[in-house]
Amino acid sequence: MIKTDVLIIGAGPVGLFVVHQLGIIGLNAEVVDNLDKVGGQCIELYPDKPIYDIPGIPECTGKSLVKNLVNQIKPFKTNFHLNQRVQEISKEEDKWKITTNKNKTFIAPNVIIAGGVGSFEPRKFSVKGAETFENKGIFYSVKDKNFFKSKKVCIFGGGDSALDWAIELSKFAEITIVHRRNEFRGAEHSAEIARKLEKEGKIKIKTLFQIQSIEGKDKINSIIIKKEDGKVEEIKTDFVLGFFGLIMKLGPIVEWGLNLDKKTIPVDTENFQTNKKGIFAIGDICSYPGKLKLILSGFHEGALAARACFKLARPNEKYRFEFTTTSKNIQDKLGVKTID
Ligand SMILES: Cc1cc2nc3c(=O)[nH]c(=O)nc-3n(C[C@H](O)[C@H](O)[C@H](O)COP(=O)(O)OP(=O)(O)OC[C@H]3O[C@@H](n4cnc5c(N)ncnc54)[C@H](O)[C@@H]3O)c2cc1C
């Protein structure tokens, strides 16, 4: 059981910045995210694309914004609990008890939902048996590439993840890429490398094919793939990787008794509290008249929610507004050298 002032659901740009806003007013936070890395949409959907509307930063990529947000909260030494989804929230006296699908439990007077468009989940194979082999023979992400050393691996998909992993794993595994189209969606440069590796006999590429069945009992022995024209082929393989993109699901959040408006959570714009005391929603997931789904709006929402959390986490203390420029108190928390 982990006790904290604030449990933050979502490590997207907004979840990251609210750690800062909580930290400078003396509140600690724990952050949970379903993904294997921080950064939310910026990292998962557009890491290398430019953003032009972050105040004071004329241009940055999704990746560089996240890097800077992470650097900015380093002084607070926050714990990130990745690869797990917040599953349940229940009331425990005057606090909230939060449980993840990996059975981690948190107790906090405040919960900030910065869940964006919901938890990202991989699109999966729909063929019979795919579920049984999941995390044994079938994977939708690579946690440790060495696991595939000297193995036969079939990689499905035509986007960046499929191409990048095919290229990387081809250094020490037997790779077959299977894609339902002739053209790849991923970066042209990666597609060129994959084609070059195919010519050199280091990768096999099967286009216009889709999976038809998975053969094997306790482990995968082979897969059957079917071409558009009806032609069927069997490929002996140890593992199958599927990279079909991500779907965004609001997931368990819909079951927490919060008011919902379509796929968003209505909030009070004074403090970004939901209909439940101590549960706040900020960033893309919250809604109110005039809401803009922009990173800069999420930063503002986080600043206000953090101050509201203070009241519940420190009921006997008075919150004092201070500027970072002139507050020795905040500068000490940030560990910066102060100017007298
Ligand atoms: C292609 C593209 C370009 C964009 N360009 C711009 C731009 O130029 N400027 C701009 O301001 N905005 C832009 N946006 C929008 C911007 O990315 C979003 O407004 C921003 O990411 C919202 O941040 P967030 O932290 O609220 O949510 P997200 O970034 O969506 O992060 C939410 C996180 O919460 C996690 N999560 C959700 N539910 C759970 C759960 N139950 N348990 C655990 N974790 C959970 C998710 O895994 C995710 O990591 C763009 C978006 C896209 C797709």
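Which side chain meets Glu-134 in a salt bridge? Lys-124 does, at 2.9 Å from N to O.

The model is predicted, with local features requiring pLDDT of at least 70 and side-chain atom pairs pLDDT 80 or more, while totals for chains, interfaces and linings use all residues. Residues are numbered from 1 along each chain as its sequence is written, and side-chain values use heavy atoms, without hydrogens and water.

**View 1. The salt bridge of Glu-134 and Lys-124.** Glu-134 sits in the loop between helix H4 (130-133) and E12, and Lys-124 in the loop between strand E11 (119-122) and H4, so the pair ties together parts that are ten residues apart in sequence. Helices (H or I, at least four residues) and strands (E, at least two) are DSSP runs, numbered from the N terminus. A salt bridge here is a side-chain nitrogen of Lys or Arg within 4 Å of a carboxyl oxygen of Asp or Glu. The whole structure holds 17 salt bridges.

**View 2. An open, parallel sheet of five strands.** The strand order is E12-E19-E13-E14-E15. Strand E12 (138-139) and strand E15 (203-207) are at the edges with a single partner strand each, so one side of each has no neighbour in the sheet. Two strands pair if DSSP finds at least two bridges between them. Five bridges link strand E14 (residues 174-179) to E15 in the parallel sense. Val-178 stands opposite Lys-206 in E15.

**View 3. An open, antiparallel sheet of three strands.** The order is E16-E17-E18. Strand E16 (209-216) and strand E18 (232-236) are the edge strands, and each pairs on one side only. From one strand to the next, the twist averages 25° (axes are lines fitted to C-alpha atoms; angles run from 0 to 180 degrees between N-to-C directions). Strand E17 (residues 220-227) is joined to E18 by five bridges. Ile-225 has Glu-233 in E18 as its bridge partner.

**View 4. A positive surface patch.** Lys-151, Lys-152, Lys-204 and Lys-219 form the patch. Patch residues have over 30% relative accessible area (Shrake-Rupley method, 1.4 Å probe) and no salt bridge, with like charges joined within 9 Å. The place of a Lys charge is taken as NZ. Lys-219 lies in the loop between E16 and E17.

Definitions and conventions. Patch = residues over 30% accessible without salt bridge, like charges linked within 9 Å, V, L, I, M, F, W, Y side chains within 5 Å. Lys, Arg positive; Asp, Glu negative; His and termini not counted.
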